[in-house]
Each structure stands twice: as structure tokens, then as C-alpha cells.
Amino acid sequence: MSNPLFDALFAAHRGRETVFLHLPDGGTMTHAAFLGEAARNANALTALGVGPGDRVAVHVTKSPEALALYAGCIMAGAVFLPLNTAYTPAELEYFVGDSGAALFVCDPGEADALTPIAAAASCALRTLGADGEGSLSDVVRGQPAEFAVVDRDEDDLAALLYTSGTTGRSKGAMLTHRNLVSNARALVETWRFTSDDVLLHALPIFHSHGLFVATNVSLMAGGSMIFLPKFDVETVLAKLPMATAMMGVPTFYTRLLDEPRFDRDLVAHMRVFISGSAPLLAETHVRFEERTGHRILERYGMTETSMNTSNPYDGERRAGTVGFPLPGVEVKVCDPETGRELPQGEIGVLEVRGPNVFKGYWRMPEKTKEELRADGFFITGDLARIDGDGYVTIVGRGKDLIISGGYNIYPKEVELFLDAQPGVRESAVVGAPHPDFGESVVAVLVPEAGATLDLAAIEAAARRDLAGFKRPRHVAVLDALPRNTMGKVEKNQLRDRYAAVFQAAAG
Ligand code: MLC
Ligand code: AMP
């Protein structure tokens with residue numbers, strides 16, 4: 001009788017009066033108090049009719065209570081489905097419907113807008129605000145702080161994380177107890193996390209990075225987290241002196257480097273800085289070391305696999321590379337056409353296999369078959385090279401994907417939206433280098449014959465229907481898109497043409 005994720009992350013904390021969360025106002029929450037809150041959430045979920053295997057869709061502001069809801073879902077055997085807080089009602093409608101969620105938890109302020117969506121999906125709606133108050137909290141508050149944890153198998157789902165796709169339709173990545181436990185274990189070991197660690201946590205908790213990498217690692221090691229609502233340079237500078245470790249996307253580190261107060265003295269006591277979710281420029285790695293004396297530890301992962309590779313804790317953290325496969329993870333570089341493994345040193349598509357690799361896409365057996373081979377290797381869509389001494393370098397992407405500040409944007413999704421706007425004949429969306437976000441979104445619009453595009457109206461529609469990070473930051477109007485002889489849009493030409501638009505804006 002067991003619940004693998006509960007046993008690995010939470011069970012040891014029963015009755016532990018050690019600090020788990022350091023809160024922005026200087027308050028703290030102990031491991032024992034957190035576990036009690038998690039148990040109250042599990043009881044509340046059960047009272048609301050959520051059973052084992054049911055999906056709980058969560059669109060709420062980061063808070064200790066939101067984290068306890070995650071833990072409560074695990075205890076109750078439910079499947080946690082976190083959603084980016086930037087998603088608009090139009091986007092949320094798809095996730096709630098597609099997942100068949102039994103319960104949808106949202107911020108109190110958006111309940112009116114989301115009630116019809118929950119109703120159409122026959123899903124109960126409850127609220128949880130940033131202050132921990134709401135109609136879910138009203139149920140949670142009256143519950144006992146003990147709960148008989150629901151048994152789960154290693155292959156049962158623990159979480160469903162939606163990730164966009166090249167077709168424009170998001171896919172729910174099914175992550176099992178085995179996936180999450182094995183990855184947390186590999187990361188604790190590789191990065192040497194212990195109960196002495198104080199992790200500065202400024203990431204969102206609706207993605208793999210902030211939830212399964214940062215939070216699960218901290219829980220498994222038994223350390224504490226400085227739990228910040230978001231990344232804010234001033235707060236991070238103020239809190240770094242009490243941290244031992246920090247995890248972030250490259251934008252966190254470039255923003256810190258822009259701040260002269262971020263210097264060697266401020267971080268001399270730190271044990272490790274870890275980066276991932278997007279490429280860390282070798283130049284940032286070098287600048288960071290020059291300024292602080294620390295070599296950032298870069299790792300590489302995906303929603304579907306959690307983490308795959310990491311630079312070594314001891315040994316050379318090589319700038320521009322993502323290091324070696326984690327314990328238990330295999331990687332190989334394959335020919336994108338034939339799928340055959342390429343000789344060492346050649347560039348091809350990276351494939352990964354291990355206990356970290358997800359179970360498949362929710363209710364998409366065909367999509368799953370296309371990307372997850374029968375022998376267990378997952379085709380990442382990232383282009384990579386493995387050096388003679390085993391370091392993996394991500395050299396590009398075989399998939400049409402933009403990563404802005406660590407958030408993924410699939411151009412197809414934005415193109416489908418733009419194509420549907422009045423007067424637009426067709427569109428193409430590409431990424432261009434951006435000094436803050438790494439990459440940002442450029443949209444090229446082609447009007448219908450004789451039409452004049454109302455760009456302000458298109459911008460307003462984008463604000464209404466698309467999450468803010470997906471919105472094009474530069475819009476160009478052309479008479480026609482460049483195409484090759486096969487009629488395929490030549491996105492490389494567009495990338496070259498607009499490569500400097502954000503650089504120019506920044507200068
Ligand atoms: C916010 N905005 C962005 C953005 N984040 N625009 C482009 N890209 C982004 N990433 C926009 C908002 O829409 C808004 O626009 C304006 O910026 C201000 O919003 P904000 O929320 O105040 O922004 P800010 O706090 O500056 O956020 C930037 C950020 C944040 C980098 C701190 O995006 C962030 O925390 N990113 C982390 C993403 C992450 O955790 N990824 C992990 C994925 S898991 P307007 O116009 O409305 O004002 C994964 C697997 C793995 O990839 O390997 O880890
Ligand atoms: P997501 O779908 O949000 O999980 O994003 C996963 C993608 O982020 C990967 O397929 C990579 O393209 C990218 N990624 C994550 N970490 C790194 C890294 N360290 N270097 C380069 N790309 C990365």
C-alpha cells in the first residue's frame with residue numbers, strides 16, 4: 001500500500017517543525033503545518049467529490065495555499081493540472097474541456113468569466129485567491145489536518161501538464177508518480193540538495209521548472225524555500241543573503257546582471273545557481289562568473305520528460321552545453337528522417353529514454369505514437385550534438401517553437417489566431433532575439449486583396465484571447481510571404497529579415 005509521490009516527498013515531514021516556506025512578509029510555514037494544510041485540502045477535495053484519477057484544473061496565483069492544493073491532490077490520488085496564470089478564458093476553455101476536469105479552481109476575480117466555461121464542461125468551480133481566501137478555502141478551513149492517503153501505483157498519473165504543439169492544439173502530457181519521483185531523486189543527487197538548503201523560489205508553480213524541479217527537489221531533500229510570488233529583482237536582491245541555492249530561467253540571470261548591486265559579496269555564500277527552460281547564452285555564463293565567481297549550472301528538460309541532462313556539480317560546468325544525462329536517463333542523437341542513431345559528434349534530433357519520460361499525451365494516442373517510440377525513446381524535437389567527452393549541446397530546434405522568458409510559444413497557435421482576424425489573408429510568426437526574453441514574437445501579416453488591416457483592432461483581440469507572453473511584440477505587413485518552390489513559407493528568411501527588430505528597440 002503506497003502512494004509513491006507522497007511517500008517520496010511528503011511522508012517524512014509529518015510532525016517536522018522545521019521551516020518549509022519563508023514568506024515575503026517574513027513569516028514562515030513549517031513542514032508539519034504545510035502537511036496539515038495539504039491534508040485539509042485532500043479532505044476538501046474528497047468532500048467536493050474529487051476521486052482518485054480525477055483531474056483538478058488549477059488557475060490561481062502562486063501562494064502557499066496553492067502549493068498545498070498540489071500536495072492535497074497527490075494525497076487524494078487526484079491528477080494535478082496547473083495552468084499558466086496568463087491564460088485567457090478563451091484558452092482555458094480548451095484545457096478544462098479537453099482534460100474532463102472534475103474540479104476547476106480559479107482566482108475569485110475571474111470566477112464570473114469562467115463560470116460558463118466550467119458549466120459547459122460539467123465541472124465544479126471553486127476559487128482560491130492570492131491571500132488564500134476563496135470558496136475552496138472555505139471548504140478547506142473546516143477539514144481535519146489528517147487524511148488517509150490514497151494508494152497509487154507508480155504508473156498512475158500524478159499530473160497533467162499542457163504543452164502547445166506544432167499543430168496549434170495543446171497536448172496534455174501525462175506524468176506519472178514514477179516520472180516525478182525518479183526525476184526528483186536524480187536531481188537531489190546530482191545537485192547535492194540537503195535539508196540545509198534554502199532555495200530561492202521566484203518561478204511560477206504552474207510549469208515543470210517551478211513545481212517539479214524546484215519544489216519537488218526541495219521537498220525531497222527536506223530543505224526550505226524562500227517562496228516569492230514572482231521574480232522581482234529588488235526582492236531577489238534582498239532575499240539572496242539567506243539563500244543557499246537559486247533556480248531560474250536565463251532572463252532571471254540577465255536581469256540580475258543588469259543590476260550593479262548583484263556582485264561577488266552578495267552571493268559569496270551561495271552554493272549553486274541553476275538555469276534552464278531556455279538556452280543560457282555562453283556569454284551570460286561567462287559574465288556571471290566574472291561578476292560573481294559562480295559558474296551557473298545549466299540543465300536541460302521538457303514538460304514531457306522533466307529533466308534529462310545537467311552539467312556536473314563537481315567537474316566542469318561547460319558554458320553553452322547542458323551537460324550529461326541524469327542518472328537513469330539515456331540520450332542519443334538521431335537522424336530526423338530515418339530515426340537511426342548518428343555517429344558521435346554529428347548533429348541530429350535528441351531522443352531520451354528513462355523513468356522520467358512521460359506516459360503519453362492525454363487522449364491523443366496518434367500524437368503519442370508520433371513522438372514516443374515503442375522502445376521508450378521520446379523524440380524531443382531539439383537538435384543536439386554529443387561531444388567526445390559526453391557533454392550534450394542543444395544547437396537548435398527541429399520544431400517550430402519560440403521560447404520567450406522561459407515560456408513556450410508555438411507559432412502555429414498564434415498564426416491560427418491571426419489568420420482568423422478580419423482582412424488577414426495569411427500570416428507567419430517567427431521568433432527574433434530579444435535582450436530580455438531571449439526570443440520574442442514577430443508576426444508578419446498579409447492582407448486580403450484591397451484590404452487595409454486594422455492593426456489596433458488585431459492587437460486588442462490578441463490582448464483578449466492570447467496569453468500576454470504569446471502576443472506579437474512586432475507586427476509587419478507584407479504583400480506576400482516568402483515561399484520556396486514547394487510553396488512552404490521560408491521562415492528562415494523572415495527570421496533573418498526581422499533578426500534585429502528587438503535589438504533596435506532596446507538600443
Ligand atoms: C511576462 N511577459 C512576457 C513574459 N512574461 N512577455 C514575453 N515573455 C515572457 N516570458 C509580459 C506580460 O504579458 C506583460 O505584458 C509584461 O510582460 C509584464 O508582465 P509580468 O508578469 O510583470 O512580467 P515579468 O514579471 O517581467 O515576467 C518575466 C519573467 C516571467 C521572465 C519573470 O516570464 C517568468 O517568470 N518566466 C519563467 C517561465 C518558466 O517558469 N518557464 C518554465 C517552463 S517549464 P503586457 O504587454 O501585458 O504589459 C520548461 C521545462 C524546463 O520549460 O526545462 O524547465
Ligand atoms: P517546455 O515544453 O516548456 O517544457 O519546454 C521544453 C523546451 O525548452 C525544450 O524542448 C528545449 O527546446 C527548451 N529548453 C529547456 N532547457 C533548455 C536549455 N538548458 N537549453 C536549451 N533549450 C532548453
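At what angle do helix 10 and helix 12 pack? Hi everyone, let's start there.

Some ground rules before the answer. This is a predicted model, in which local features need pLDDT of at least 70, side-chain atom pairs count only at pLDDT 80 or more, and totals for chains, interfaces and linings use all residues. Residues are numbered from 1 along each chain as its sequence is written, chains are lettered from A and ligands numbered from 1 in the order in which they are written, and side-chain values use heavy atoms, with hydrogens and water left out.

Now the answer: helix 10 (residues 250–257) and helix 12 (residues 282–292) pack at about 45 degrees, and their axes are 11 Å apart. Helices here are DSSP runs of H or I with at least four residues, strands are runs of E with at least two, and both are numbered from the N terminus. The axes are lines fitted to C-alpha atoms, for helices over the stretch in contact, and angles run from 0 to 180 degrees between N-to-C directions. That angle makes helix 10 oblique to helix 12 (under 35 degrees is roughly parallel, over 145 roughly antiparallel, 65 to 115 roughly perpendicular, and the rest oblique).

Who makes the contact, meaning heavy atoms within 4.5 Å? Helix 10 brings Tyr253, Thr254, Leu256 and Leu257, while helix 12 brings Thr284, Arg287, Phe288 and Arg291.

Next stop, helix 8 (residues 208–221). It has a kink of about 25 degrees centred on Thr215, where the bend is the angle between axes fitted to the seven residues ending there and the seven starting there. Of its 14 residues, 13 are buried, so helix 8 is largely enclosed by the rest of the structure. Buried means under 20% relative accessible area, exposed over 50%, and partly exposed in between, with a 1.4 Å probe and protein chains only. Just after helix 8, Gly222 takes a positive phi of about 85 degrees.

Let's move to His22, in strand 1 (residues 19–22). His22 counts as buried, at 17% relative accessibility.

Most residues other than glycine have a negative phi. Ser277, however, has a positive phi near 90 degrees, and Ser306 has a positive phi near 50 degrees. Ser277 sits in the loop between strand 12 (272–275) and helix 12 and is partly exposed at 24%. Ser306 lies in strand 14 (residues 306–310) and is buried, with a relative accessible area of 1%.

Terms used. Contact = heavy atoms within 4.5 Å.
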